[in-house]
Amino acid sequence: MSGIWRVPLSSGDASEVVKGLVNWSNWVLAGRGLYYAATRDQVPLRRQEFQVQYLEFSSGHATTLFRKEVVFGGHLFMAVSPDEKWILFSEAPGWQSELMLMENFR
């Protein structure tokens, strides 16, 4: 797993902001914070707790917005709507995925 680091332009000293990301594509920079996904291993081995979290820059406080126990698999890509009311992420339990077609949605 990897993390997100910040480097002040004045000093160049790097510090880790978020540890243990699910994937490099599972974070979104927003106006006043950072949305990201993380997992925590559970027992038995192939079960994990998947979490979507929000880190508020001003306070440095991280809040868990969503949590779900999942069978090990992929969680790739995350997007947040411009008004920050919606979060979109993919889920592929056991690395299986389905393609869904939505018609007449307008």
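Me: What share of the 106 residues in the chain is buried?
Reply: This is a predicted model: local features need pLDDT of at least 70, side-chain atom pairs count only at pLDDT 80 or more, and totals for chains, interfaces and linings use all residues. Numbering starts from 1 along each chain as its sequence is written, and side-chain values use heavy atoms, leaving out hydrogens and water. Buried means under 20% relative accessible area, exposed over 50%, and partly exposed in between (1.4 Å probe, protein chains only). Of the 106 residues in the chain, the buried share is 29%.

Me: Which strand has the highest mean pLDDT among the elements of the chain?
Reply: pLDDT is the predictor's confidence in each residue, from 0 to 100. The chain averages 76, and 66% of its residues reach 70 or more. Where pLDDT is low, the predicted coordinates should not be read in detail. The lowest element mean, 62, belongs to strand β7 (residues 73–74), and the highest, 89, to strand β3.

Me: How many strands does the chain have?
Reply: Helices (H or I, at least four residues) and strands (E, at least two) are DSSP runs, numbered from the N terminus. The chain has zero helices. Its strand count is 10.

Me: Is Gln 53 buried or exposed?
Reply: Gln 53 sits in strand β5. Contact means heavy atoms within 4.5 Å. Beyond neighbours within four places in sequence, Gln 53 contacts Leu 34, Tyr 35, Tyr 36, Thr 63, Thr 64 and Leu 65. Because its relative accessibility is 12%, Gln 53 counts as buried.

Me: Which side chain is joined to that of Gln 53 by a polar contact of 2.7 Å?
Reply: A polar contact is a pair of N or O atoms within 3.5 Å; within protein, one must be able to donate a hydrogen and the other to accept it, and residues adjacent in sequence count only if both atoms are side-chain atoms. The Gln 53 side chain has such a contact, at 3.2 Å, with the side chain of Thr 64. At 2.7 Å, the partner is Tyr 36.

Me: Which side chain makes a polar contact of 2.8 Å with that of Glu 56?
Reply: Glu 56 also lies in strand β5 and is partly exposed, at 33% relative accessible area. Not counting residues up to four places away in sequence, Glu 56 touches Arg 32, Gly 33 and His 61. Its side-chain polar contact of 2.8 Å is with Ser 59.

Me: What is the relative accessible area of Phe 57?
Reply: Phe 57 falls in the loop between β5 (47–56) and β6 (62–71). Phe 57 counts as partly exposed because its relative accessible area is 43%.
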